[in-house]
Amino acid sequence: MKRYFMLALVLSVLLSFAMGAGAYQQSPMLDALVEQGELPPVAERLPEQPFVVEPYASVGRYGGIARTANTAPEHLGDDMMLMSLFVTGLVRPNRDINGVIPHLADRFTVSDDATTFTFHLRAGTRWSDGEPFTAADVLFWYEDVLLNESLTPVVGVIWRAQGEVVQVRALDDYTVEFQFAGPKPFFLNQLVHSSVLMPKHYLMQFHEAYADADELAALVDEAGYDNWYQLFQHRMANWAGVPLRVGLPTLAAYKMTGFTSDRRIYERNPYYWKVDTAGNQLPYIDGIENSIVADREMVAGMVMSGQLDFAGFANDIRNYPLYREFEEAGNYRTILWETGMASDTVYMVNQTVADPVLREIFQDARFRQALSLGIDRDEINDVIYFGRARPIQYTAFFTSVYYDEEFATSFV
(Lines give C-alpha, C1' and ligand atoms only; values in the text may rest on other atoms or scores of the structure.)
Protein backbone atom coordinates (compact mmCIF):
# COMPACT_ATOMS: atom_id res chain seq x y z
CA MET A 1 0.00 0.00 0.00
CA LYS A 2 1.33 3.44 -0.91
CA ARG A 3 2.20 5.84 1.89
CA TYR A 4 1.57 9.52 1.49
CA PHE A 5 3.69 12.52 2.41
CA MET A 6 2.89 16.17 2.22
CA LEU A 7 4.96 19.29 2.67
CA ALA A 8 2.33 21.62 4.12
CA LEU A 9 -1.06 21.74 5.79
CA VAL A 10 -4.21 20.97 3.85
CA LEU A 11 -7.64 22.14 4.84
CA SER A 12 -9.57 18.91 4.53
CA VAL A 13 -12.73 18.87 2.48
CA LEU A 14 -15.50 17.99 4.90
CA LEU A 15 -19.22 18.63 4.90
CA SER A 16 -21.76 18.35 7.66
CA PHE A 17 -25.27 17.33 6.79
CA ALA A 18 -28.11 15.31 8.24
CA MET A 19 -27.66 11.55 8.20
CA GLY A 20 -30.67 9.37 7.56
CA ALA A 21 -31.65 6.68 9.98
CA GLY A 22 -29.89 3.37 9.52
CA ALA A 23 -27.30 1.05 10.92
CA TYR A 24 -23.89 2.35 11.86
CA GLN A 25 -20.65 0.39 11.52
CA GLN A 26 -17.54 0.42 13.67
CA SER A 27 -13.91 -0.59 13.39
CA PRO A 28 -13.44 -4.38 13.75
CA MET A 29 -10.97 -3.70 16.57
CA LEU A 30 -13.95 -2.69 18.74
CA ASP A 31 -16.11 -5.76 18.00
CA ALA A 32 -14.69 -7.89 20.80
CA LEU A 33 -15.10 -5.09 23.36
CA VAL A 34 -18.76 -4.75 22.43
CA GLU A 35 -19.32 -8.52 22.55
CA GLN A 36 -17.69 -8.67 25.99
CA GLY A 37 -19.88 -5.85 27.27
CA GLU A 38 -16.95 -3.48 27.81
CA LEU A 39 -18.35 -1.06 25.24
CA PRO A 40 -21.95 -0.23 24.25
CA PRO A 41 -22.99 -0.89 20.64
CA VAL A 42 -21.82 1.74 18.19
CA ALA A 43 -25.26 3.33 17.79
CA GLU A 44 -25.34 3.98 21.54
CA ARG A 45 -21.87 5.53 21.47
CA LEU A 46 -22.81 8.12 18.87
CA PRO A 47 -24.81 11.32 19.44
CA GLU A 48 -28.40 11.57 18.26
CA GLN A 49 -27.21 13.52 15.22
CA PRO A 50 -23.58 12.61 14.44
CA PHE A 51 -21.47 15.00 12.39
CA VAL A 52 -21.40 13.48 8.90
CA VAL A 53 -18.17 13.79 6.93
CA GLU A 54 -18.28 13.54 3.15
CA PRO A 55 -15.08 11.72 2.11
CA TYR A 56 -12.70 13.66 -0.10
CA ALA A 57 -12.48 10.85 -2.68
CA SER A 58 -14.21 7.70 -1.42
CA VAL A 59 -15.31 5.91 1.74
CA GLY A 60 -12.26 4.56 3.57
CA ARG A 61 -11.31 1.20 5.04
CA TYR A 62 -10.79 0.41 8.71
CA GLY A 63 -7.49 -0.69 10.19
CA GLY A 64 -3.80 -0.03 10.54
CA ILE A 65 -1.43 1.99 12.69
CA ALA A 66 -0.13 5.24 11.20
CA ARG A 67 3.59 5.76 11.84
CA THR A 68 4.68 9.38 12.16
CA ALA A 69 7.66 11.29 13.57
CA ASN A 70 8.40 14.50 15.40
CA THR A 71 11.48 16.37 16.60
CA ALA A 72 10.52 17.16 20.24
CA PRO A 73 8.18 15.56 22.83
CA GLU A 74 5.99 18.66 23.33
CA HIS A 75 6.11 20.03 19.78
CA LEU A 76 3.33 20.10 17.25
CA GLY A 77 3.71 16.99 15.13
CA ASP A 78 2.21 14.90 12.37
CA ASP A 79 0.42 12.75 14.93
CA MET A 80 -1.63 15.74 16.09
CA MET A 81 -2.24 16.94 12.56
CA LEU A 82 -3.57 13.52 11.55
CA MET A 83 -5.99 13.69 14.45
CA SER A 84 -7.31 17.22 14.26
CA LEU A 85 -6.76 19.63 11.40
CA PHE A 86 -9.25 21.90 13.12
CA VAL A 87 -9.88 22.73 16.73
CA THR A 88 -12.43 20.34 18.19
CA GLY A 89 -14.86 23.13 18.92
CA LEU A 90 -18.46 24.25 18.71
CA VAL A 91 -18.07 25.52 15.13
CA ARG A 92 -15.64 25.05 12.25
CA PRO A 93 -14.91 26.58 8.82
CA ASN A 94 -17.01 25.58 5.84
CA ARG A 95 -15.34 23.99 2.82
CA ASP A 96 -15.01 27.36 1.02
CA ILE A 97 -13.43 28.93 4.11
CA ASN A 98 -15.76 31.94 3.88
CA GLY A 99 -17.98 31.12 6.84
CA VAL A 100 -18.52 28.74 9.76
CA ILE A 101 -20.80 25.77 10.23
CA PRO A 102 -21.95 23.82 13.29
CA HIS A 103 -19.47 21.27 14.64
CA LEU A 104 -19.94 20.00 18.20
CA ALA A 105 -22.93 22.30 18.25
CA ASP A 106 -25.47 20.89 15.81
CA ARG A 107 -26.93 24.37 15.29
CA PHE A 108 -26.52 27.92 16.53
CA THR A 109 -28.28 31.28 16.38
CA VAL A 110 -26.98 34.85 16.51
CA SER A 111 -29.04 37.83 17.65
CA ASP A 112 -29.65 40.66 15.18
CA ASP A 113 -27.30 42.95 17.10
CA ALA A 114 -24.54 40.27 17.24
CA THR A 115 -24.37 40.35 21.03
CA THR A 116 -25.96 36.98 21.86
CA PHE A 117 -24.78 33.64 20.50
CA THR A 118 -26.74 30.49 21.36
CA PHE A 119 -25.29 27.03 20.71
CA HIS A 120 -27.26 23.78 20.78
CA LEU A 121 -24.86 20.92 21.54
CA ARG A 122 -25.08 17.53 19.85
CA ALA A 123 -27.14 15.60 22.36
CA GLY A 124 -25.68 12.21 23.22
CA THR A 125 -22.06 13.14 22.48
CA ARG A 126 -19.61 11.47 24.87
CA TRP A 127 -16.04 12.03 25.96
CA SER A 128 -13.55 9.30 25.10
CA ASP A 129 -14.11 7.66 28.50
CA GLY A 130 -17.85 7.39 27.85
CA GLU A 131 -18.97 10.27 30.08
CA PRO A 132 -21.61 12.60 28.58
CA PHE A 133 -20.55 15.90 27.04
CA THR A 134 -22.99 18.59 28.19
CA ALA A 135 -23.32 22.30 28.85
CA ALA A 136 -21.70 21.68 32.24
CA ASP A 137 -18.36 21.17 30.46
CA VAL A 138 -18.65 24.58 28.80
CA LEU A 139 -19.63 26.23 32.10
CA PHE A 140 -16.65 24.58 33.79
CA TRP A 141 -14.37 26.23 31.21
CA TYR A 142 -16.09 29.55 31.77
CA GLU A 143 -16.61 29.69 35.53
CA ASP A 144 -13.65 27.67 36.76
CA VAL A 145 -10.95 28.38 34.16
CA LEU A 146 -11.64 31.61 32.26
CA LEU A 147 -12.85 33.48 35.36
CA ASN A 148 -10.28 31.93 37.68
CA GLU A 149 -7.43 34.43 38.08
CA SER A 150 -4.93 31.71 39.00
CA LEU A 151 -5.55 29.95 35.68
CA THR A 152 -6.42 33.00 33.55
CA PRO A 153 -4.72 36.12 34.94
CA VAL A 154 -5.78 38.15 31.88
CA VAL A 155 -8.96 37.46 29.94
CA GLY A 156 -8.26 37.79 26.21
CA VAL A 157 -9.99 40.22 23.90
CA ILE A 158 -11.96 37.46 22.20
CA TRP A 159 -13.99 37.10 25.40
CA ARG A 160 -14.57 40.84 25.86
CA ALA A 161 -16.81 43.51 24.37
CA GLN A 162 -16.82 47.15 25.41
CA GLY A 163 -14.35 46.22 28.13
CA GLU A 164 -16.63 43.66 29.79
CA VAL A 165 -16.09 39.91 29.93
CA VAL A 166 -18.66 37.73 28.18
CA GLN A 167 -21.41 36.14 30.27
CA VAL A 168 -21.99 32.43 29.61
CA ARG A 169 -24.96 30.48 30.91
CA ALA A 170 -26.59 27.12 30.30
CA LEU A 171 -30.20 27.30 29.16
CA ASP A 172 -30.49 23.53 29.57
CA ASP A 173 -28.19 20.48 29.49
CA TYR A 174 -27.46 20.95 25.78
CA THR A 175 -27.86 24.68 25.17
CA VAL A 176 -25.30 27.36 25.98
CA GLU A 177 -25.63 31.13 25.56
CA PHE A 178 -22.78 33.63 25.18
CA GLN A 179 -23.90 37.19 25.99
CA PHE A 180 -21.63 40.18 25.20
CA ALA A 181 -22.02 43.78 26.35
CA GLY A 182 -21.66 44.99 22.76
CA PRO A 183 -21.66 43.65 19.19
CA LYS A 184 -19.15 40.87 18.37
CA PRO A 185 -19.65 40.36 14.61
CA PHE A 186 -16.49 38.23 14.26
CA PHE A 187 -17.02 36.05 17.31
CA LEU A 188 -17.95 32.91 15.36
CA ASN A 189 -14.76 33.21 13.31
CA GLN A 190 -12.71 33.66 16.48
CA LEU A 191 -14.46 30.73 18.12
CA VAL A 192 -13.20 28.39 15.37
CA HIS A 193 -9.72 28.53 16.93
CA SER A 194 -10.80 28.66 20.57
CA SER A 195 -11.73 25.55 22.49
CA VAL A 196 -14.26 26.12 25.27
CA LEU A 197 -14.80 22.44 26.02
CA MET A 198 -13.24 20.82 29.07
CA PRO A 199 -14.06 17.47 30.72
CA LYS A 200 -15.33 18.70 34.07
CA HIS A 201 -15.78 15.20 35.46
CA TYR A 202 -12.04 14.57 35.06
CA LEU A 203 -10.41 17.95 35.66
CA MET A 204 -12.34 18.82 38.79
CA GLN A 205 -10.09 16.43 40.75
CA PHE A 206 -7.23 18.87 40.08
CA HIS A 207 -9.17 22.08 40.82
CA GLU A 208 -9.21 23.70 44.24
CA ALA A 209 -12.92 24.53 43.95
CA TYR A 210 -13.87 20.85 43.79
CA ALA A 211 -11.10 18.60 45.11
CA ASP A 212 -10.48 17.69 48.73
CA ALA A 213 -7.73 20.05 49.94
CA ASP A 214 -5.52 17.33 51.44
CA GLU A 215 -5.91 15.00 48.46
CA LEU A 216 -5.15 17.82 46.02
CA ALA A 217 -2.08 18.86 48.01
CA ALA A 218 -0.82 15.28 47.86
CA LEU A 219 -1.31 15.18 44.07
CA VAL A 220 0.52 18.50 43.68
CA ASP A 221 3.41 17.29 45.80
CA GLU A 222 3.57 13.94 44.00
CA ALA A 223 3.76 15.70 40.62
CA GLY A 224 6.52 18.01 41.84
CA TYR A 225 4.60 21.28 41.59
CA ASP A 226 4.23 24.16 44.04
CA ASN A 227 0.59 25.07 43.38
CA TRP A 228 -2.63 23.38 42.37
CA TYR A 229 -3.00 25.49 39.22
CA GLN A 230 0.35 24.25 37.90
CA LEU A 231 -0.87 20.67 38.22
CA PHE A 232 -4.22 21.60 36.65
CA GLN A 233 -2.56 23.21 33.63
CA HIS A 234 -0.37 20.14 33.21
CA ARG A 235 -3.31 17.74 33.30
CA MET A 236 -5.48 19.78 30.92
CA ALA A 237 -2.74 20.03 28.26
CA ASN A 238 -4.02 19.59 24.72
CA TRP A 239 -3.52 21.04 21.26
CA ALA A 240 -6.62 21.87 19.22
CA GLY A 241 -8.54 19.45 21.38
CA VAL A 242 -5.99 16.65 20.89
CA PRO A 243 -4.92 15.25 24.29
CA LEU A 244 -1.28 15.59 25.30
CA ARG A 245 -1.69 13.67 28.54
CA VAL A 246 -2.44 10.01 29.12
CA GLY A 247 -5.83 9.69 30.78
CA LEU A 248 -7.18 13.07 29.65
CA PRO A 249 -10.65 12.47 28.16
CA THR A 250 -11.03 13.98 24.71
CA LEU A 251 -13.57 14.68 22.00
CA ALA A 252 -10.90 14.24 19.33
CA ALA A 253 -10.63 11.18 17.07
CA TYR A 254 -7.87 9.60 19.18
CA LYS A 255 -6.95 9.38 22.84
CA MET A 256 -3.39 9.27 24.12
CA THR A 257 -2.37 5.94 25.66
CA GLY A 258 1.41 6.39 25.92
CA PHE A 259 3.82 9.32 26.24
CA THR A 260 7.56 8.94 26.79
CA SER A 261 10.66 10.90 25.84
CA ASP A 262 10.82 9.10 22.48
CA ARG A 263 7.24 8.17 21.64
CA ARG A 264 3.63 9.34 21.65
CA ILE A 265 0.99 6.63 21.19
CA TYR A 266 -2.72 7.02 20.47
CA GLU A 267 -5.65 4.73 19.82
CA ARG A 268 -9.06 5.44 18.36
CA ASN A 269 -11.69 7.18 20.47
CA PRO A 270 -14.53 4.61 20.58
CA TYR A 271 -17.01 7.42 21.30
CA TYR A 272 -15.98 9.67 18.42
CA TRP A 273 -19.00 11.65 17.25
CA LYS A 274 -18.44 11.62 13.48
CA VAL A 275 -19.43 9.17 10.76
CA ASP A 276 -18.95 9.05 6.99
CA THR A 277 -21.73 9.04 4.41
CA ALA A 278 -22.00 5.23 4.64
CA GLY A 279 -22.55 5.33 8.41
CA ASN A 280 -19.03 4.18 9.35
CA GLN A 281 -17.92 5.63 12.66
CA LEU A 282 -14.71 7.55 12.17
CA PRO A 283 -11.75 7.53 12.22
CA TYR A 284 -10.66 4.81 9.79
CA ILE A 285 -7.12 4.32 11.17
CA ASP A 286 -7.02 2.39 14.45
CA GLY A 287 -4.03 4.11 16.02
CA ILE A 288 -1.07 6.44 15.64
CA GLU A 289 2.52 5.96 16.77
CA ASN A 290 4.71 9.05 16.78
CA SER A 291 8.49 8.62 17.16
CA ILE A 292 10.40 11.48 18.77
CA VAL A 293 13.70 11.89 16.89
CA ALA A 294 16.63 14.28 17.10
CA ASP A 295 16.09 16.47 14.04
CA ARG A 296 14.49 16.85 10.61
CA GLU A 297 17.36 15.04 8.94
CA MET A 298 16.34 11.88 10.79
CA VAL A 299 12.75 12.38 9.70
CA ALA A 300 13.92 12.69 6.09
CA GLY A 301 15.88 9.45 6.41
CA MET A 302 12.84 7.66 7.82
CA VAL A 303 10.74 8.95 4.95
CA MET A 304 13.12 7.78 2.24
CA SER A 305 13.58 4.37 3.85
CA GLY A 306 9.84 3.80 4.09
CA GLN A 307 9.63 3.82 7.90
CA LEU A 308 6.81 6.38 8.06
CA ASP A 309 3.24 6.39 6.79
CA PHE A 310 2.74 10.13 6.98
CA ALA A 311 5.20 13.03 7.21
CA GLY A 312 4.06 16.56 6.57
CA PHE A 313 5.18 18.99 9.24
CA ALA A 314 8.71 17.97 10.14
CA ASN A 315 9.63 18.35 6.49
CA ASP A 316 11.59 20.91 4.50
CA ILE A 317 11.06 21.97 0.88
CA ARG A 318 14.81 21.55 0.37
CA ASN A 319 14.31 17.77 0.62
CA TYR A 320 11.80 17.71 -2.21
CA PRO A 321 14.26 16.39 -4.87
CA LEU A 322 15.47 13.67 -2.48
CA TYR A 323 11.94 12.58 -1.66
CA ARG A 324 11.07 12.32 -5.34
CA GLU A 325 14.26 10.34 -6.05
CA PHE A 326 13.53 7.67 -3.42
CA GLU A 327 9.76 7.32 -3.91
CA GLU A 328 9.93 3.91 -5.57
CA ALA A 329 12.45 2.47 -3.11
CA GLY A 330 10.55 3.75 -0.09
CA ASN A 331 7.10 2.93 -1.50
CA TYR A 332 5.64 6.37 -0.85
CA ARG A 333 4.28 9.37 -2.74
CA THR A 334 5.34 13.00 -2.33
CA ILE A 335 2.60 15.60 -2.51
CA LEU A 336 3.03 19.36 -2.53
CA TRP A 337 0.01 20.41 -0.54
CA GLU A 338 -1.74 23.77 -0.44
CA THR A 339 -1.16 25.45 2.91
CA GLY A 340 -4.30 27.55 2.92
CA MET A 341 -2.04 30.57 3.41
CA ALA A 342 -1.24 33.15 0.76
CA SER A 343 2.49 33.30 1.42
CA ASP A 344 5.25 31.18 2.90
CA THR A 345 7.31 34.22 3.93
CA VAL A 346 6.30 37.79 4.75
CA TYR A 347 8.61 40.76 5.40
CA MET A 348 7.26 43.55 7.60
CA VAL A 349 9.06 46.86 8.01
CA ASN A 350 9.13 48.31 11.54
CA GLN A 351 7.36 51.64 10.98
CA THR A 352 7.83 52.71 14.60
CA VAL A 353 11.59 52.18 14.73
CA ALA A 354 13.35 54.52 17.20
CA ASP A 355 15.65 56.12 14.61
CA PRO A 356 13.68 59.17 13.35
CA VAL A 357 15.31 59.09 9.90
CA LEU A 358 14.53 55.40 9.34
CA ARG A 359 11.05 55.88 10.77
CA GLU A 360 10.26 58.58 8.20
CA ILE A 361 11.59 56.38 5.39
CA PHE A 362 9.79 53.25 6.55
CA GLN A 363 6.49 55.09 6.94
CA ASP A 364 6.66 56.30 3.34
CA ALA A 365 4.49 53.94 1.30
CA ARG A 366 6.68 54.55 -1.74
CA PHE A 367 9.67 53.01 0.07
CA ARG A 368 7.73 49.91 1.01
CA GLN A 369 6.41 49.60 -2.54
CA ALA A 370 9.95 49.89 -3.91
CA LEU A 371 11.15 47.30 -1.41
CA SER A 372 8.46 44.92 -2.63
CA LEU A 373 9.40 45.53 -6.25
CA GLY A 374 13.06 44.90 -5.40
CA ILE A 375 12.36 41.34 -4.25
CA ASP A 376 13.08 38.91 -7.08
CA ARG A 377 10.29 36.46 -6.41
CA ASP A 378 10.99 34.47 -9.57
CA GLU A 379 14.57 33.80 -8.49
CA ILE A 380 13.45 32.83 -5.00
CA ASN A 381 10.93 30.46 -6.55
CA ASP A 382 13.55 28.84 -8.79
CA VAL A 383 16.30 28.57 -6.16
CA ILE A 384 14.33 27.64 -3.03
CA TYR A 385 11.03 26.21 -4.25
CA PHE A 386 12.24 24.45 -7.41
CA GLY A 387 9.82 26.50 -9.48
CA ARG A 388 6.82 25.04 -7.67
CA ALA A 389 5.69 28.19 -5.86
CA ARG A 390 3.54 31.01 -7.16
CA PRO A 391 5.21 34.46 -6.96
CA ILE A 392 2.52 36.83 -5.65
CA GLN A 393 1.95 39.55 -3.10
CA TYR A 394 0.68 38.70 0.36
CA THR A 395 -3.11 38.64 0.04
CA ALA A 396 -6.10 36.37 0.47
CA PHE A 397 -5.62 32.73 -0.58
CA PHE A 398 -6.42 32.27 -4.27
CA THR A 399 -9.39 29.95 -3.62
CA SER A 400 -10.98 32.47 -1.25
CA VAL A 401 -13.96 34.56 -2.34
CA TYR A 402 -11.91 37.55 -1.18
CA TYR A 403 -9.05 36.89 -3.60
CA ASP A 404 -8.42 39.66 -6.15
CA GLU A 405 -5.80 39.32 -8.87
CA GLU A 406 -5.06 43.06 -8.66
CA PHE A 407 -3.93 42.70 -5.05
CA ALA A 408 -1.95 39.55 -5.79
CA THR A 409 0.14 41.30 -8.45
CA SER A 410 0.39 44.71 -6.78
CA PHE A 411 4.03 45.90 -6.72
CA VAL A 412 5.26 42.45 -7.69
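Reply: Let's start with the word itself: on a 1 Å grid over the protein atoms alone, a pocket is an open set of points where a 1.4 Å probe fits, with protein on both sides within 12 Å along at least five of seven lines, and its lining residues have an atom within 4 Å of a point. The model is predicted, so local features need pLDDT of at least 70 and side-chain atom pairs pLDDT 80 or more, while totals for chains, interfaces and linings use all residues. Residues are numbered from 1 along each chain as its sequence is written, and side-chain values use heavy atoms, without hydrogens or water.

The second largest pocket has a volume of about 1800 Å³, meaning the space filled by probe spheres set on its points, which are joined across faces, edges and corners. Its lining is made of 47 residues. Look for its centre around Ala342, Ser343, Asp344, Thr345 and Tyr385, the lining residues that lie nearest to it. Two helices (DSSP runs of H or I, at least four residues), H13 (365-373) and H14 (377-384), each supply at least two lining residues. H13 has the largest share, with five. Sorted by class, the lining has 28 nonpolar, 11 polar and eight charged residues.

Beyond its neighbours within four places in sequence, Phe398 is in contact (heavy atoms within 4.5 Å) with Glu338, Arg390 and Tyr403. Its C-alpha atom is 34 Å from that of Gln281, 117 residues away along the chain. In the segment after H15 sits Phe411, a residue other than glycine whose phi is positive, near 55°. With 36% relative accessibility, Phe411 also counts as partly exposed.

The largest nonpolar core holds 63 residues, and Leu90, Phe119, Trp141, Trp159 and Phe178 have the most contacts inside it. Helix H4 (residues 135-146) gives the most to this core, eight residues. H4 is largely enclosed by the rest of the structure, because 10 of its 12 residues are buried. Among these buried residues are Val138, Phe140, Trp141 and Leu146. The buried residues of H4 pack against several elements, including strand E7 (116-121), strand E11 (175-179) and helix H8 (228-235).

Met304 is found in helix H9 (residues 296-304). Leaving out neighbours within four places in sequence, Met304 is in contact with Leu322, Tyr323, Phe326, Gly330 and Tyr332. The C-alpha atoms of Met304 and Ala329 are 7.6 Å apart, although 25 residues separate them along the chain. Finally, the peptide bond from Leu282 to Pro283 is cis, with omega near 5°. Pro283 is in the loop between strand E16 (274-276) and strand E17 (287-292).

Definitions and conventions
A nonpolar core is a set of buried Ala, Val, Leu, Ile, Met, Phe, Trp, Tyr and Cys residues joined through side-chain atoms within 4.5 Å. Buried means under 20% relative accessible area, exposed over 50%, partly exposed in between (1.4 Å probe, protein chains only). Ala, Val, Leu, Ile, Met, Phe, Trp, Tyr, Cys and Pro count as nonpolar, Asp, Glu, Lys and Arg as charged, and the others, Gly among them, as polar.
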